[in-house]
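Here are a few notes to read with the model open beside you.

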Amino acid sequence: MVAKNPGTYTSIKRDARKRFAYLFFAHAASSKYRGGLFVVVSKDANNQIFPLRLGVADSENNEAYIWFFGEIRKAIQVRRELIFLSDRNQSIANGIRKVFPEAHHGICLYHFEKNLKQRHAKATLMSQLKSIDKKTYNYIMEEPPERWARSWFPRRRYDMLTTNMVESMNSVVLKGREMPILRMLHFIQEKLGEWFYERRKKANETFHRVSIWAEEEMTKKMDLACKMFVFNLDSMLFRINSEGIEFIVDLKKRTCDCLEFQLDELPCPYAIAAINMRYLQKSDYC
């Protein structure tokens with residue numbers, strides 16, 4: 001793998017009897033040997049799934065996840081504003097807590113909601129839930145709100161609220177899971193190679209200053225932005241009126257009262273209205 005893909009990081013651990021226990025690599029993954037495939041993904045600038053790290057272990061337990069996250073730390077070192085998002089698997093939580101104490105660990109809202117539906121929880125305000133369904137309230141509060149509520153989240157979560165990306169990645173490597181480890185590694189490496197080639201080719205064909213996805217997202221907001229009334233409060237400070245509702249946009253600080261500008265780090269419709277007023281480039285505010 002290293003010969004075919006320079007820069008690939010790999011690590012193998014054996015047990016006391018010198019038998020295979022764990023395998024870690026930055027660009028490839030598991031097998032059909034009754035072990036577990038660990039997958040860490042994110043999104044690239046074009047809002048596409050980007051596989052960060054994959055690994056194989058003999059089982060999913062505390063020791064395996066501590067080892068896996070330890071290898072991730074060796075590969076990526078310390079990253080500012082690092083967050084992880086997963087289901088409520090306790091071994092994953094223990095691994096993150098042990099190896100990345102400075103990172104924030106959020107919970108997948110899909111799994112959280114699914115568990116609540118299994119408990120037949122009724123949609124209601126948290127302030128009322130305690131008196132209506134105390135068991136469900138206690139279940140929810142087992143995890144602090146900053147782990148599952150975006151409004152409480154201490155760091156930028158962007159629009160990543162679920163682990164659907166991981167499920168999508170799992171479906172891509174599903175065929176490889178049935179293969180022996182080495183064949184599976186080659187299968188995944190070839191699949192990722194195809195992905196990156198197609199993405200690089202598409203990126204080279206565009207002349208936007210930002211990714212295709214970011215440009216399309218801002219274009220969608222243009223019609224609404226053009227219907228707004230913009231008033232200068234300062235050279236970079238604006239009051240935006242939209243259907244009687246007012247928002248303050250500060251282009252220097254890159255903030256808007258709607259909070260979308262800050263949370264997504266893409267101009268919201270109100271920010272775009274202000275940017276257009278100054279004849280500035282929207283891409284400079286991404």
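1. Let's start with the salt bridges: searching the whole structure turns up eight of them. Keep in mind that this is a predicted model. Why would such pairs form at all? Side chains with opposite charges can pair when their charged atoms come close. The points below go through some of the pairs, including how exposed each partner is.

2. Have a look at Arg 19 and Asp 15, whose side chains form a salt bridge with an N to O distance of 3.0 Å.

3. Next, zoom in on Asp 284 and Arg 209, another salt bridge, at 2.9 Å from N to O. What does this pair tie together? Asp 284 sits in the segment after helix H12 (269-277), while Arg 209 belongs to the loop between helix H8 (181-204) and helix H9 (212-220), so the pair links parts that lie 75 residues apart in sequence. As for accessibility, Asp 284 comes out as partly exposed at 36%. Arg 209 has a relative accessible area of 58%, and it counts as exposed because the cut-off for that word is over 50%.

4. Finally, check Glu 246 and Arg 239, which also meet through their side chains in a salt bridge, with 2.7 Å from N to O. Glu 246 is partly exposed, with 42% relative accessibility. Arg 239 is at 25%; buried would need under 20%, so Arg 239 is partly exposed as well.

Definitions and conventions: Residues are numbered from 1 along each chain as its sequence is written. This is a predicted model: local features need pLDDT of at least 70, side-chain atom pairs count only at pLDDT 80 or more; totals for chains, interfaces and linings use all residues. Side-chain values use heavy atoms; hydrogens and water are left out. A salt bridge is a side-chain nitrogen of Lys or Arg within 4 Å of a carboxyl oxygen of Asp or Glu. Helices (H or I, at least four residues) and strands (E, at least two) are DSSP runs, numbered from the N terminus. Buried means under 20% relative accessible area, exposed over 50%, partly exposed in between (1.4 Å probe, protein chains only).
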